[in-house]
Every structure is written in C-alpha cells, then in structure tokens.
Amino acid sequence: MTRHLLFSALLVGGVLATATSSATAETNTTTRVVPSKVAPAVPQRFAAKSTEEVPDFQRHVVPLFSKLGCSGRACHGSFQGRGGFRLSLFGYDFKFDHDALLKAAADDGPRANIAKPSESLMLQKPTETVAHEGGLRMKVDSWQYRLLHKWITAGAPAVSKDAAKMVKLEITPSELVFSRKDEKVQLKVVAIWSDGTREDVTPLTRFKSNDDQVADISQQGLLTSGKPGDTFVVAFYDNGVVPVPVMRPLSDKVGRNYPNVETPTQIDQLVVVKLKKLGIVPSGLSTDAEFLRRVSLDLVGTLPTAPEVEAFLKDVDPGKRVKKVDELLGRPAYAAWWATRLSDFTGNNDDALNNVVPSRNRRASQDWYDWLKDRVEKNVAYDRLVEGIVMATSRNKDESFKQFSTNMSAVYRGEGDKAFTDRQGMSHYWARRTFRQPQDRAIGFAYTFLGIRIQCAQCHKHPFDQWTKDDFAQFQGFFTGVNFGINPKTRTEYNELLAALELGDKRGGQQRRAISEALSEGKTVPFQEVYAVVPKANSPNKGGRAGKAIRQQIKKLQQRITTLKADAKAKPERAAAFKKQVKLATQQIAKLKRRQKQVAQQASRRNRGRVASKARLLGAEEVDLTKFADIRSPLMEWLRRKDNRLFARAFVNRVWANYFNVGIVEPPDDHSLANPPSNKPLLDYLSQAFIDHDYDIKWLHREITGSRTYQLSWQPNETNRLDDRNFSHSIPRRLPAEVAYDAIQQATASDSRGVEMKTDLEGRAIAIAGAGRRLNSRNGPGYALSVFGRSTRESNCDCDRSNEPSLLQTVFLQNDSDTLQLIASNRNGWINQVTGELGIKPARRASGRVTPEMLKLSKQMKVLRRKVVAARAAKETKVAQKLGIQVRNLQADYAKLARNRAVPKSSGEKLADLDSTSIVKQAYLRTLSRFPTEQEMTRSRSYVEGSEDTTQGLRDLLWALLNTKEFIVNH
Amino acid sequence: MTRTKPKGKKFMALHATCDGVKRRDFLKVGALGATGLGLANYLQLVAHGAVQTGKATSAIFVNLPGGPSHMDTFDLKPNAPEEYRGLFNPIQTNVEGIEISEHLPKLAACADKYTILRGVSHTLGAHALGQEFVNTGTRPLASLEYPGYGSVITKERPGLVDLPGFVAIPNTRQKAGFLGVKYAPLNTGSTPQKGRPFSVRGIALANGLTITDVEKRQSLLKDLDTTFSGIEKDSQLLDGLNKFSRQAYSMITSKKAREAFDISKEPAARSEAYGDAAFGQSCLLATRLVESGVRFVTVSTGGWDTHRDNFGRLKDRLLPPFDQALAAMLGDLDQRGLLERTAVFVTGEFGRTPKINSRSTPGGRDHYPRCMTMLMAGGGVKGGQVIGESDEKATGPAGEGISPSDAAASFYHNLGIDHTKEYHTKIGRPVMIVRDGSVIDELFV
C-alpha cells in the first residue's frame, strides 16, 4: 500500500499551506563557516550570454525548477511524472533529478542535450518552443533560460559527493511590524554554505504567506501589508524553510499607549510582550464561578458540583484558586482524564491490540490505560513515564520466561497483589498490530513523542520542514530492534508451558480460547512478549552463494581481460582479434554486474526484517547500534538530551492546547519549520522550565492554571475580539466527548449521586480505557461518545479527536431518549429528588413496566441462553458461539425497546404557591456552575411556577439549561 | 455490449494529445488539480460532450457486506468447467443479450433499468479493507481516513434543513473521516418491519412528548441561552451551535421528518411489493426518504460471505429477498419519476472464488477481489447495458478491468460532483475525493 503524502500544490501563484518557525535552516554539518562576500543574485550573473560562471545543479538549477513550478505536485513532481518526465517532489533528490534530465526517456531522448544545448527539451518545453502541457514557464533568453542553457553547455554537471551543504538561510528583515495598509518591503534571502560562500538567492526562493489578508507576498519577495493582525511569511530554498513574522497592530494601543496590565507570572509577561506589539489588550480576570467551572472541566474533566460552587464562591481566601487546583490534582478524576489524553497521544486502540494478551476477560487497552493512570496519579516524571513506554519489554528486568508467565497469569486472573500497573514497562505500545513495521513505528514515535509529522518524508522531502527521505530512512533503523511474539530464545519454554496445558491439536482461534480458559482455571499459560533483538556485527549481505559465484566470475573475466590486453601488446599482428575478445568479456562483465545488482537488491529485501546496525537521529548524529543491548536506548537518551528541542515541547504544547483551545503551535501535533509557534519565547520558557522541574507534570498544570492568562475572562474587548491565537482572552470551546457525556450525567444526577461521582469513576466516560470498533455499539456511552467525536486513536493525529459541533450532537442533547430519560429518571435523578422534597407524587415508574414485546424477547433470550449452556456442555463451541450471537442481538433489541419506552410519566400535579427560587438556583449551579442572573431567575421561576404540571416544568428547566450553549462549552 | 476498458477513459481526449494541447491556463487554475485537467479544458470537454454534468440529486447505496458471488448472480459462466460454473443457470433478461442468474427473475424482468459492471477488480481480500474501499472509492490508506460517499455528498450537496442529509439503514461502514463529525451518518440502528411504525433515535418525538411540549421548552431555552449573544458572530463554534440548534428543532418538530421514516404510512400494496424481509422494507424506507428529500441513503444487508454451502444459501435465503426488493425499488423509483434524479449503486466488497471449494457439499466460494460485479442505475445512467467483461472462468477481468475507484468516480459524476476535487485535511494535505478513479463514460452514453 502506498502511503504517499502529497502536500499542497506548488502551483504558480500559491505555494503550500500553513505557517512557520523563526529557525533558520541549519544542518548538522560542522564545517566552520568563514564569512565571505555575498555573491549577487543569479539574474545579474547569468543574464548576459557571455558569463563564464557555471551554474550549480543544487544551488541554482533545482531551486529554479521549484520556483518555476516544474517540480510541483501537479506537474513533474507528481509520482506518475507528467508527459513522461518526473522530478523529485519538492526537489531534494539531486541524483534522481539529474538522472531524469540526462538519461534518455523512452521516446524523447534526454531532457538535457549536451551536444546541442539549445535543442534541449528542458529549454524548449518551458519556453513553449515545442508544445508544453504546462504552458509557458520562461522566455527564451531570459536569465532563467540563460542559466539553464549555460548549465547544459558546461556539460550539465551533477552534485559532487563532497559538495558544500547549506548551513543557514538568512532573511532580512527578520521581523516586520507594519503600521498601515499597503506598506511595501522587499525581502532579501541569503544562503550560507558550508564552504563559506554566501549568495543572494532571493530570485530562486519561493515565498508564501500564511495569511495573505495580513501580509501578501509576491514571488519576487515583495511584501505588502494588509489587514491588522499577525502572521508569518515563509521562504523556501534548498532544504531551508524560514518563517518571518509579520505584524500589524489591531489598535493604536502600542508602545507608550499600551495600558498597564497585570502580569504576575512569567507566562503572563511573555504573552503580554507579544500582545503589546499587536496592540491587543487582554480581557479582565474571570469571575470565581467561571474559573472554577473552567479549571474543573480542563483539569479533571468533571463539572463542579452545586455545593462545591457555592463553597468556592463563599470562600474569601485570596489564595483559593491555587488551593482549588491543588485539590483537583489530588482527585482520581485527574489521573483518569490525563490517562485518557495520554492514551490518545500514545494510540491506545483495542482494534490494534487484538490477541496481544491471551486472556479474553481483560483487555490490553485496560492495561495500557491503568498503567498510565497509575503513573499520572503518582506524578511520575514525564520523561520516566515515556521511558517506561519507549524502553518497554514485556519481561521485567531479570525475569525468566517461566517467572514472567507465572506473574502475568496471576495478573490476568487478578490474583493477589499482582497488577499490570506494577510492570516496569508498558509493552503493549510495541505490540500493536499497526505498529510492527519500522516505518510505522518511526511515524508513530515521531507523532507521539516529538509532535512532528515525518510521514511526508517517507516518500519525498517534507514540504514544510527540514526532513528529507534520507532522514526518514536513517531514522527508521532505531525501530528494527524490538519484536512482538514468541521469543525465539525461550521458544522451548513457551512450548513446554503450552504442552502442559494439554490442548491437543487446537490451533488459531480455538487454541486462543482454550488458553484463555486454562488461564482462568488457574493454570500458568505462556505469554507472547515484546522483546529486544540485538543487531549482528556489521556485515552487509552481498547475496549469499549466488553473489559469491557472480563475484568469482567477474574476477575471472577481469583477469582474462588483463591477459588478453597483455597478449595484444605482445602480438600486435593479432591485436584486432584480442580486442574483440576483450570487448566480449567487458560485455559479459557488464551483464554480470547487472545481475549482481539484482541479487543484492533481493538480498536487501530479505534483509528487511533484520536489525539495523546503524541509524541516524532526526537532525542529529548517526549512531552505531551494535554497541547497544537494546537499540532503543540511544533513542531514549536523545529524547532527554539538551539539544532535543522537540520532546518537552511536544508535551508542553499539547497540555497548553488542552487549556487554551489552541496550542502555541497549532495544530498541537504539527511542529515544523513552516508552522512556527505563535509565541516562541513562551513555548521556549515553558519547555525549558518543564525540563528544569524534572518533567514534573503537576508543576506544568499548576504553572499554566496559576497564570493570569489562563484565568482571563471570555468576554472580549474591542482590541482582542478577533484574536484566537495569542491568548488575550478565554475562547469558548466545546467540551471533549467524554467530559460532555459525564457532564450530562452529573448535571442530571441527584445531589448525593453527584457527590459520589466526584470520586467514584465507575460509569464515567473519562474512565473508559480503549477506543475502537467495540466501543461503537449503540448501547451505553459508545453512541454519544462517537457523536461527540471521542478520539478514535487510529491515525497518528491529534485530530482523531474532534471538538467540532454537529447536528447529531444537538439532536442528542435535545431529543435523544438517553438524555430525556436521564432528566426524568426515577432513580438517582435530581428532578426526582426535588419533586420528592416538594411532596409531589412520584412519577409513574414507566421504566419498571415491561411491555409485551419486551416480555416476548426476554422469554426468547431465556430459551436461547439455556441452549448456549447445553451447547457448551456438549463442547459444541461453534454452535454455542452462534447462539451467543443471537442472544446478543436479542439483548440489543431489548435494550432498544427499553430505551424507547416513554420516560417516567409525571403525576401531572400542579403545586400551588410554589416558590422555586432555590430550585432554580440549584439548577443553574449544577449545570452552568453559577447563580442565575435576576432576569434568568424571573423567567425560570415564572416558567416553573406557571407550569400546569410542576414536574414537567422542572424537567423543562433542566432540559433548557442542558441545551444552552453555555452548558456544552467551556469558557 | 461488453467492452474492455480503454486507458484513461474519461480524459482520453486529453491524454491522446497530452503534450499537443496548449493550455496556458493549466497551472493557474489548479482547481481540478493533479489529474492535469485544467478547468478550461474540463469545460471544453463538457462542451464537447465528453463529460456530462450530473443528473442525479440524491442517491441510494446498497451495500452487500460479505461479498456476493459474482458468478452466481450477474456474471454467470455456463460454459466454464464444472468446478467453476456452479449450480445455477443463466436466464434471459428483458434486454436482449444480457443474461443473469435464474434466481434473480424479477431483476431479469427489469434489466433495462440498470447497468451491470462486470470484471470489476481490486486486490483487497479482507472484509474490512474491501468494505472501506467500496464505501469510499479510494483504496484505504493507513495514514488517512477517507470520508464515505454519504459524507462527501452531504458536504457537496447540502440538503433540507428539517431532514438529515445522510441516513444509514441500519448502519454503515461509511464514516465522515477527515471531513469531521459534521458529516457523519444518522444510523437508524434497526430495520423497519412491514406495516409497523418506525422511528429513529433522536429524530422522532418519542417519550410521550407533543409538539406543544417541545415548543414550550424551546421558548424557555431561547430566553435562557443568551450568555454569549454578544460574541456569537465572532465564534465559529457558537455560530455553529446556533445553526444546529435551529436545524435540530425543525427536524424534531417537522411532520415531514417523522413521516419520512414511518413506513407504516405506506399503502399495503406498495409495501408488499418490496417483500416482508428486513431488506425489502429497508429499501422501501430508502425510497421514502429520497422522496422526502434526503440526499443520501445507504441500505446494508449482509450474509453474503458464503464460504460454505454457497448455492443453498444464495438460492434459499439470500437471492429471493434481494431480487424482490431491488427490483421493486427500481420499479417504484421509476414509476414515481424519482429514478432519473436518484443515483443507485449496488455492490459488495468483492466477488467470490470462481473455483468452488470443498468445505461443504455442495461447496462454497471464498473471498475474491480480482473479479466482481456491481450495479448502477438512475440519474444519467443508461440502463440495459453490461459494461466490462470477465474472462471465460470469471477469474479476472478480460482486459484491464474496472476499479472500484472508477465506479466511485462515476457515481459522483452521476451526482454532478467532480471526483477530482481536492479537500484539505486538518494538516493541510490536499486530497482528491477519489484518488485514482476515472469516470466510466459508457455508463452515461
């Protein structure tokens, strides 16, 4: 299956999508750069016919193709090529491109005609001297034409092996602040190479604005200011991607005009530095009620209870916000919610974990979730938590296979004090079905722990980042040293344990079932495991016996040629005959060499399953893997290293995004050069401080929630109304699926049940471990959670979770029987509690009434169940299975009927002289976590008190509050 | 009637003169993207009749999960060796020269209403992957979830405010994928039964509520939901929530929505024509929904995974209700004048092994993606044709074969949707609606 990532069109006017980082492109070359004079731009140097200089393939020709659009996705950069001619997409495969130009295509001959340069197709096509599907790209005798012409005339030289690499791409000016519309500034781009040369490459650079409403940029690099706001323009040359921030203040409140704003924390100071430049004034502080609701939903995924709100509002302690955060961090819901988020980022998916553990009673996804939750609860440092995943093997240190299987068998039986959370490593991460190929692992690892998308570089140069195909290929090596299955070293022990179970000749699914049964009967069963494999000493596979034979033949032929040549010299009269034989032998050698190449390729294909002996860290050095017992250890060490810019950032940014709707880098999992942080100093500070605090996750939560920035009101002012990237006010955002589901349960629950739910995670959606098909059943929370966009944890993207609104969500809240029955529910429901307190006759217990249809179904189920038991007793597994399915289907039908029955009928009583003030207050506290305004109180009271049916009136009030936007968003 | 697929069907005119056509606009347009077809040329081709714009405004997708045997339904090989040909005989349809299985007599009597695609071929032999392929038109990629037909169609052709745009009976493999939950299907969750009232979760007023009740509480909601009124215009989220709230309200209170789902309103004669089976009544519901204005309905009926006793199961259990329901639906749509605006697409995820296995007596057939059949009808589709051909033992296409992507491109084309249109995923990756397909021109001649 091809997994080509075709990035945004490099069409004539518009290049690429998305934004940028203020990093200049620096490669890992160590050559010291000697400052030198900047060479003038190419148009000056190549416009004249007489020029002596030979253009360089890497520095001039390939960038020019890119600039002219030739190597774009819609043209010759397409994987199918175009018109029989293909260039590497986004042009960084110099050998490929050189071959494409100089090796003859099937019909047309080579694109570069060195003998007759002017007749080269690569000149004739883009000038439309001959027909060109891509139209006119340049004019005859333009500088572009001359440049390419000159290169061909000089013999079309390729990139030499020791060619200098670009070390830096410098843009001036490096930041722009405009004060009005239509101001113009010309950008200048200078490339600095490892040999010390510097060159003005502006005409060979592609430019792109991330928001052309704010800043428009021409392909010549001329920048024109537009609307107020801030964005980046990005310059692309060679493998350099450099963003330049462009701003135009939104108000005249800049510099001295900027009002005094409070910045009590480092975060606030850094946020305001940016806001000051933009003329954006932050909103005021949120109210206590807003803060409590916001932080509870964000930090522990749980609504505050009504008494909690009241107590918090009453509290006069000036430090109560900080104290509240501390209290929340100690709750089980904190660990549950963040284990859920970490499950999202690490990809805890049931479908990928099928048959990873031999037990059918406990799921691997549950292990995964529990393991994470345990670490979050104990506040294990983030780097250590990650180490437990990255370095995981199924066996603990020094655990023999027998011990391992005994221990794990106990874990899955839930015996004694053994639990999966006690295991050192969370090995399931490596056991996933979707995570067994090195390339899939490289992609998933980079997504989870670095927040980058290197999948693009699997097939072509990353269009928005520095990563090339080589980078990807070399990084992949780190992921070849770990397997999941039966460890060959302990296969005998495995088989012995298996034999001891006496399962006869059962195979596949039957065997798995039998093992699971044996496990629950108390036997020790063998476990498959995640284990490390060591690379063998460095011996390239040369193709075995076939390769050896070919090598010998070639050697013989070469010797023969030497002899023949000597003979020819010795006997000049027969030279012609000898020459002929030499020619024949040479041809034979060529043939054998081709064959040798094939054999080598086959061998390398066979090699794929092998452990790599070396690999390169992304943007860093190559590592000799043969020195390591577990080749993942240099990878882990690298994550913690000082020069690793991404590890801490990726996490810090995701946590930030959880609190602010958007990350400092947005999307939060797309750190790339072309997508720079909206506030780099802020992200730098937080990541560094996180590292300095030893990756203390709770510190990070305290630091963010304790900032004034987090505690700002959602109510905007004139200057920050349109800002959604600079954290100048709180942005209303939809509750995440699990939080929304739980909030509906909490808001409708009786007071006592509500208090229970604060600590009891039973039935909470934030306590659901896995994701996947199994959860999509229509009964239980699965339906609501999928409608509200719970993460599917499928595709290495934070966007597997959706916080968008949809019609079905609104329908669910307004009219789904799940919601309606929760409101009207007899047991544990708030309405029922209130009506009881008011002395209204309880609602008729509709839920207790079994309809004739349901009765019929339950009878059928009874009969079937008996049959299942009988079939099992008779060891007719297949039959039992089939019947089991029928039972499940009937169960689903039954559940549906139960759901569709009328909600409990209210008694229809109207309570005279009802003063509903305190009830309305409570309704507001339990849904919107605040007291009603006077107006809201009046309207609500008149509705409830005026209702002909008081119970119905109360239900309507609760229904209406659940359906306000204020309920379903956090703000 | 049969054909082998020419290379680059839809764009043949273009490819034939690939380098010869001068198109200065090509790169500037870009909208039609990576196929290399510029808008100017697209329009030119339209003008020359090489591309038709869609006729259909809604669609019914009949999914047959499990993978029905092509050789025992629409692609019989009576002259193949015994271990291939199976137990069924072909019968003549009402279109001369077209024969289908003897166990599809009702469909044989209306072969003029649909077109059979034979020799459809792909390589995904697992149910889940095959289903994903035929439900999206794009070969599944591990890195990206493609939206199903229904999601694309509801995005491209927004429907009525008081009806859902995309309904699945009882459910579907189609997901909204990278288009987002906004375009997710409404699953009915169960199949309707003849003459019985039918309602769908959340849509109908159940739970004893009356419209008056709903209107009353809605007015309360309106008065209480004012906190954000000052900033709603500036927030996509709040604006969206408002829009959906209005839409949900009209759907819940709309008589039209309620009645569209309630097949008990159908006269007995019409209802009976579809047959008593769940599939028949589902087809009836699909017709009703399309008639009310729903854009996209998918009906699924499984059981086609006939590894054992292929013939018995087809003859006795699978084909009769299928034959009756599909024939009734096509006839009914036609009679009501709906067929010309409703694109119908019938397919499973793959065909079945031409060689009969010996797991049971009589034998079964196993998964076989290399050769399968599909049906298309309605909209601009010219019925009464066979397009494509399989080899003499139905082991593969004769010639190049039709890919599910081509079928998908044609399905979209029938609905006036350009399958080469590009969407941008959340990460800015440009993705065509159908990755590698081209429209099968003959369908629309």
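In strand 6 of chain A, Asp200(A) is the bridge partner of Val190(A). Strands here are DSSP runs of E with at least two residues, numbered from the N terminus, and two of them count as paired if DSSP finds at least two bridges between them. Strand 5 and strand 6 (residues 198–200) of chain A run antiparallel and are joined by three bridges. Together these two strands of chain A form a hairpin with four residues between them; in its turn, Gly196(A) has a positive phi of about 95 degrees.

The model is predicted, with local features requiring pLDDT of at least 70 and side-chain atom pairs counted only at pLDDT 80 or more, while totals for chains, interfaces and linings use all residues. Residues are numbered from 1 along each chain as its sequence is written, and chains are lettered from A and ligands numbered from 1 in the order in which they are written.

Strand 5 (residues 188–193) of chain A also runs antiparallel to strand 2 (residues 166–172) of chain A, with six bridges joining them. Within strand 5 of chain A, Ala191(A) stands opposite Leu169(A).

Turning to another part of the chain, three strands of chain A make an open sheet in the order 4-9-8, with antiparallel pairing. Strand 4 (184–186) and strand 8 (215–217) of chain A are its edge strands, each pairing on one side only. Strand 8 of chain A meets strand 9 (residues 222–225) of chain A in the antiparallel sense over three bridges. There, Ala215(A) has Ser225(A) in strand 9 of chain A as its bridge partner.
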